[in-house]
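Reader: I am new to this structure. Could you walk me through a few of its features, one at a time?

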Amino acid sequence: MQKYFIMFGPPGAGKGTHAAPMVKRYHLKHISTGELLRSEIAAGTELGKQAKALIEKGELVPDEVVEGMIAGVFAANPDVKGFLLDGFPRTVQQAIDLDEMLESRDEYVTGVISLMIPDEVIKERIKGRALIEGRADDANDETIANRIRTYHAKTEPLIEVYKQKGIYHEVDAVGTIPEVEARVMALMDTF
Ligand code: AMP
């Protein structure tokens, strides 16, 4: 039985930052849909070309595109202890589809780790990251604003979905990286 954790939160909450030590400590496979899409763009694939315009506007790419990538990573890693999904699911439909993918194998989402951060802090963090990582979608104010709007409209409703399943856990993500990491690990140790 593999474990499935979801790293949840708005853009800039620190999902990728905290995913790295988690996957090491708990022997999980990290799946960042954003990173997978950026690799497709860098490789110049057809999928990457289609995703690029949407990502640069701060829109979501179609569910079936990200779900195909996720299913591929699940299938390619039968021996890991579990998976840490970062940036997926991002819509209620994606959450339903994920449940279906797992149920067909008698598996389920183990826990949702939700990084809580106010919108004002999101903007500062994304701007800081733009200087370090050079992501096109971090550099433009309108794109950042649209990503935050998209999060509230399409992704935030998932909180209720996972609360109702009893697997939703919040972590205060305001603080230094070591402070937040300690909170995340304290929660992960309970699973
Ligand atoms: P991220 O690195 O998670 O911030 O993702 C960067 C961008 O990739 C997002 O703004 C979306 O355009 C796209 N993306 C990543 N994950 C998903 C997803 N699960 N569903 C749709 N679009 C996604």
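Author: Let us start with a loop. Pro-89 is found in the loop between β3 and α5 (92-103). Keep in mind that this is a predicted model.

Reader: What kind of peptide bond joins Phe-88 and Pro-89?

Author: Look at omega. The bond between Phe-88 and Pro-89 is cis, with omega at about -5°.

Reader: Now phi. Where is His-27 found, and what is its phi?

Author: His-27 is in the loop between α1 (15-26) and β2 (28-32). Its phi is positive, about 55°, although His-27 is not a glycine.

Reader: And what about phi of Asp-106?

Author: Asp-106 also has a positive phi, near 65°, and is a residue other than glycine. Look for Asp-106 in the loop between α5 and β4 (111-116).

Reader: Let us turn to the ligand. Which residues around the ligand come nearest?

Author: There are 16 residues around the ligand. Thr-33, Arg-38, Glu-59, Gly-87 and Gln-94 come nearest.

Reader: Which helix gives the most to that shell?

Author: Helix α2 (residues 33-43) does, with four residues. By type, the shell residues divide into six nonpolar, four polar and six charged.

Reader: How do I read the polar contacts? Which atom of Gly-87 lies 2.9 Å from a nitrogen atom of the ligand?

Author: Look for pairs of N or O atoms within 3.5 Å. In Gly-87, a backbone N or O atom lies 2.9 Å from a ligand nitrogen. Gln-94 uses a polar side-chain atom, 2.9 Å from a nitrogen atom of the ligand. Arg-135 has a side-chain N or O atom 3.2 Å from an oxygen atom of the ligand.

Reader: How much of the ligand does the protein bury?

Author: Taken alone, the ligand exposes 490 Å². The protein buries 96% of that. The space that the ligand takes is the largest pocket.

Reader: Last topic, aromatic rings. How is a pair of them described?

Author: Two values describe a pair of aromatic rings: the distance of the centres and the angle of the planes. A search of the whole structure finds five aromatic pairs.

Reader: Why is the pair of Tyr-4 and Phe-83 called stacked?

Author: The ring centres of Tyr-4 and Phe-83 are 5.4 Å apart and the planes are at 20°, so the pair is stacked. Planes under 30 degrees apart count as stacked.

Reader: Which parts of the chain does this pair link?

Author: Distant ones. Tyr-4 is in strand β1 (residues 3-8), and Phe-83 is in strand β3 (residues 82-86). The two are 79 residues apart.

How values were computed. Residues are numbered from 1 along each chain as its sequence is written. This is a predicted model: local features need pLDDT of at least 70, side-chain atom pairs count only at pLDDT 80 or more; totals for chains, interfaces and linings use all residues. Side-chain values use heavy atoms; hydrogens and water are left out. A residue is near a molecule or strand if one of its heavy atoms lies within 4 Å of it. A polar contact is a pair of N or O atoms within 3.5 Å; within protein, one must be able to donate a hydrogen and the other to accept it, and residues adjacent in sequence count only if both atoms are side-chain atoms. Accessible areas come from the Shrake-Rupley method with a 1.4 Å probe; for residues, only the protein chains shown count as cover. On a 1 Å grid over the protein atoms alone, a cavity is a set of points where a 1.4 Å probe fits but cannot get out, and a pocket is an open set with protein on both sides within 12 Å along at least five of seven lines; lining residues have an atom within 4 Å of a point. A molecule sits in a cavity or pocket if more than half of its atoms lie within 2 Å of its grid points. Ala, Val, Leu, Ile, Met, Phe, Trp, Tyr, Cys and Pro count as nonpolar, Asp, Glu, Lys and Arg as charged, and the others, Gly among them, as polar. Rings of Phe, Tyr and Trp (its six-membered ring) pair if their centres lie within 6.5 Å; planes under 30 degrees apart count as stacked, over 60 as edge-to-face and the rest as tilted.
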